[in-house]
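Please keep the viewer open while reading.

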Amino acid sequence: MPKSKKQTKHSKSQNDIEEQKVQIRSQLKQLGEKIYSDLNSQRFPTIHFPSRSVRNIVYDKKTKQYILGSNTVTRTASNIKQIRSVTQLTWLAFFANELMSNKKSSTLRDVYYSSQAYAVDYTDQPESDAIITDLESVISTARERLNIYPEERSAIFGDLDIEYTVPGYEGNRANLSSHPDGYLIGPSLSTADFVDTSAEMIIAIEKGGLFNRFIEEKVHSKYKAIIIDTAGQAPRTTRYMLKRLHKELNLPVYIMTDGDVYGEHIAMVIVSGSAGAAHLRDLTVPSAKWLGIWASDIAKYKLPTIPMTEMDFKRVSELKRDPRYQKGVWNKELDVFLQIKAKCELEAFSKYGLTTIVDKYLPEKLEQAKSM
Amino acid sequence: MSKTKTTFSGISPSEFFYRNRDLAGFSNPAKALYTATRELVENSLDACESSEILPNIYVRMTPVVDQLDSPEPRTYKLKVSDNGPGIDPVKAPDAFGRVFYGSKYKLRQARGMFGMGGTMAVLYGQITTSKPVVIYTSTDGKKFHKFTLRIDIQKNAPVIINKEIIEGKGSTGTTVELLLTGDAFRASTKVHDYFLESALVTPYAEITFVDAQGKMFYYPRSTNTLPKPSQETQPHPHGFDFEGMRRLIEDTDDKNLHKLLTNNFHRVGATTSTNFFKFAKIDHTSSPKDLSYENIVKMVDAMHSYESFLPPDSHCLSPLGKDILNAGIMSELSPEFSTIAIRPPSAYSGFPFIVEVGLAYGGNVGSGGVKLFRYANRIPLLYDEGSDIAWQVVKDLAIDKKRAYKIPDNAPLALITHVCSTKVPFKTAGKEFLADRPEIERELKNAVREVLRKLRLHLSRQSSQEAVKRRRDIYTKYLPLIAEFSKDLSGKKNLPNFQPMLKAYLEESEADN
């Protein structure tokens, strides 16, 4: 492998994933056995898992992310209001086990429709999605590891050789810079082994338009970067991918977003997770750096702005109460937003030419990030 | 200043009501048409019931031909026929042509209270159209006596214009035909409500009503049971007034006060009379005619304050009873649940009364909250619901305290209140709402509470039956599914043995109910 700088230990990664799968399936099976033996001994099946209610979501300073507290909820078939969700949960565990043993994957929507073949009724897809989140909590495992994926997909581009592990493609390899539109981050990619890369950093960018601009401007070779389009708030698969790239390839992660309060929060979710996934681990990159656009950059780079809306101000005051926003650049930039009462988009740099963002802004911010 | 000379002259009762027709419910053409219809129908019902005849009543309202195209109000011909006992031809002209024709002192439970309703209708027709009234009546079914008459308002006496005898068709009865100015368009709702609500408490009557558009409404008979006819009774001393006493003394042949009291009053015997006159400090051997004005006042006051008179007894009353009220509720409202409470007799100011309350839930009782049907001596009360004591009671219990009775919001609930008495305490002569006598309020409250308690029992029984069924459905559906999925997930060969627990659970929930 000629351009190899960092070669991952293929066999080890492969084993890790296989080992995880075996472990997850055994957890599912244990759940089934518990329910089976409850019934056999004339007890109503009961399932316990951590509560995801707002009161049980706490900020963990050590891991710098939201985690679930010690409250648990119990679903029991002896309660007439819960027997239906116990049935749904048991079915879902069975269905996920089937998916994994057949090496098939399924979207959230597929799961909702599959239930109908088993006489398990859901009122609507949100109910089905909520049961999937319950099962995640029961076995503390993200749905993606159960081969259940959301529809949303973001993209990746850069010099990274991968080897597929999905059925039918085992051993096939691909280089993620060989397709100019980038590769979709889906089930196949997020479970692939990372074989080889020359990249030295990862740049996650909020918007598809800028992602394409970065590819055109050859940011991947100029800065030796793997570029990821998060397509707005990064989906879990993408966050899982970022985490793996950071951990397995030991690459720093940088984030570029619009210069508004939502952009700031997109960066924060990559760094420290979302409250909605407080029951899950392995989705955060605590060392990731938010390059910008910061509120203070707006004046510094004389960027064209848009006035902040009432919603924007409301969001700022919400985030001001969030423990993760109490210090550093996070806190400071929120204050600047309140001062200037304006926001801007990544495309604002086009005012100074299409390449300004890549040629001027990116290097300056990367330099600044070193001292953060 | 010159003196204005004021002259005083007596007026006849006819003239009094002619001048004050608002009092009797003839204030405008719409209300007059409704009131005239109602008065005549009530006379017919009273006549049939007092002779224990199952009433057949036919009512027709027709616009007169030459006014078909004129705007309301216009002239209508109102015809009311019944199969009652008929009226003695000697008395018939007075019955329709003289206001206040009736017995003087006796009391009975009847729809008509002031003895003037039918005559007022005739009077009103005569005033507005100057046409006479035509009455056909037969007491034997063989001969019908036809009278054409008008009222001499000043003299308060009938003037017979024509009198003939025609061949009968074998059944007794009375038909009244009169012309009057009315507004059928505006009266329509009330008239229809009246027939519908009447049908609810007279399921033993067959009523046919043809309205001004020629549409026929037929209320069939749903029971052959008539309420026990009411009996005339003497007045109770507690309810007797000065004017009554003055007239009684004028008319009486009784030689002394003791006789006067025992002969003319309800439940007053020799002992009671003796004790009473001791209490009143009046010599009971003195002649009634010798009683001074002051002593009449003294005696009436004493009659009101003496507490040892026996309470009035209720044999003279004729409540509808459970069967009739229930038959009416079933045929007009066909509810999913009905119940009836009949209170024991009670009395206010010497007048006996009985309160009956029916409750209907679901079925044809539309949802949207509590509907109240008020009756007094079987007359539907349609106006001024809010001022009626029955409405206050129903509002307090069935609306403001509905949680206590587990009544759901917008419940399909109807309450029927019936107060029967020898004297219903109407606030006006128009028979529209009951005054708030505490004794009547208390009995209404007790009756309404009783039916609401039964409703609560019904609703909770029903909801627990539904709950058992729901539990059964849910557990027989989901528990086998859980068993199957857990079998497949754990890789076992056979289903877990969950059947005994399912069976036990269902039996237990059945037993809890």
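Start at Leu415(B). Leaving aside neighbours within four places in sequence, Leu415(B) is in contact with Val357(B), Leu359(B), Val370(B), Leu372(B), Val394(B), Ala398(B) and Val448(B). Contact here means that two C-beta atoms, placed from the backbone, lie within 7 Å.

The model is predicted: local features need pLDDT of at least 70, side-chain atom pairs count only at pLDDT 80 or more, and totals for chains, interfaces and linings use all residues. Residues are numbered from 1 along each chain as its sequence is written, while chains are lettered from A and ligands numbered from 1 in the order in which they are written.

**Cores**

Leu415(B) and Val448(B) have the most contacts inside the largest nonpolar core, which has 106 residues. A nonpolar core is a set of buried Ala, Val, Leu, Ile, Met, Phe, Trp, Tyr and Cys residues joined through C-beta atoms within 7 Å. Buried means 20 or more other C-beta atoms within 10 Å of a residue's own; exposed means 12 or fewer; partly exposed lies in between; C-beta atoms are placed from the backbone. Helix H2 (residues 29-50) of chain B gives the most to this core, with ten residues. A second, separate core has 65 residues, including Leu189(A), Ala192(A), Ile205(A) and Ile215(A).

Helix H11 (residues 389-399) of chain B has these buried residues: Ile389(B), Ala390(B), Trp391(B), Val393(B), Val394(B), Leu397(B) and Ala398(B). Their cover includes strand E12 (369-376), strand E14 (412-421) and helix H12 (438-490) of chain B. Helices (H or I, at least four residues) and strands (E, at least two) are DSSP runs, numbered from the N terminus.

**Chain B overall**

Chain B has 13 helices and 14 strands. Buried residues make up 42% of its 513 residues. Of the contacts in chain B with a separation of 6 or more, 75% join residues 24 or more positions apart.

**The eight-stranded sheet**

Eight strands of chain B form an open sheet with mixed pairing, in the order E5-E4-E3-E6-E2-E1-E7-E8. Strand E5 (157-167) and strand E8 (216-219) of chain B stand at the edges with a single partner strand each, so one side of each has no neighbour in the sheet. The twist averages 15° from one strand to the next. Angles run from 0 to 180 degrees between N-to-C directions; axes are lines fitted to C-alpha atoms, for helices over the stretch in contact. Strands pair if DSSP finds at least two bridges between them.

| Pair | Bridges | Bridge partners |
|---|---|---|
| E2(B) and E6(B) | eight | Tyr76(B) and Leu180(B) |
| E3(B) and E6(B) | five | Ser138(B) and Gly173(B) |

Seven of the ten residues of E6(B) are buried, so this strand is largely enclosed by the rest of the structure. Helix H5 (residues 184-201) of chain B lies across strands E1, E2, E6, E7 and E8 of chain B, running at about 170° to E7(B).

**Where the chains meet**

How many residues of each chain are in contact with the other? The count is 24 residues of chain A against 21 residues of chain B. On the chain A side, helix H1 (10-40) and helix H2 (83-101) are the elements that give two or more residues. That side has 15 nonpolar, six polar and three charged residues. Ala, Val, Leu, Ile, Met, Phe, Trp, Tyr, Cys and Pro count as nonpolar, Asp, Glu, Lys and Arg as charged, and the others, Gly among them, as polar.

H2(A) is mostly covered, with 14 of its 19 residues buried.

Just after H2(A), Lys103(A) takes a positive phi of about 55°, although it is not a glycine. Lys103(A) is partly exposed, with 13 C-beta neighbours inside 10 Å. Asn250(A) also has a positive phi, near 55°. Asn250(A) counts as exposed, with 9 C-beta neighbours inside 10 Å.

Two peptide bonds are cis. One joins Gly292(A) and Ile293(A), with omega about 10°. The other runs from Glu72(B) to Pro73(B), with omega near -5°. Pro73(B) is in the loop between E1 and E2 of chain B.
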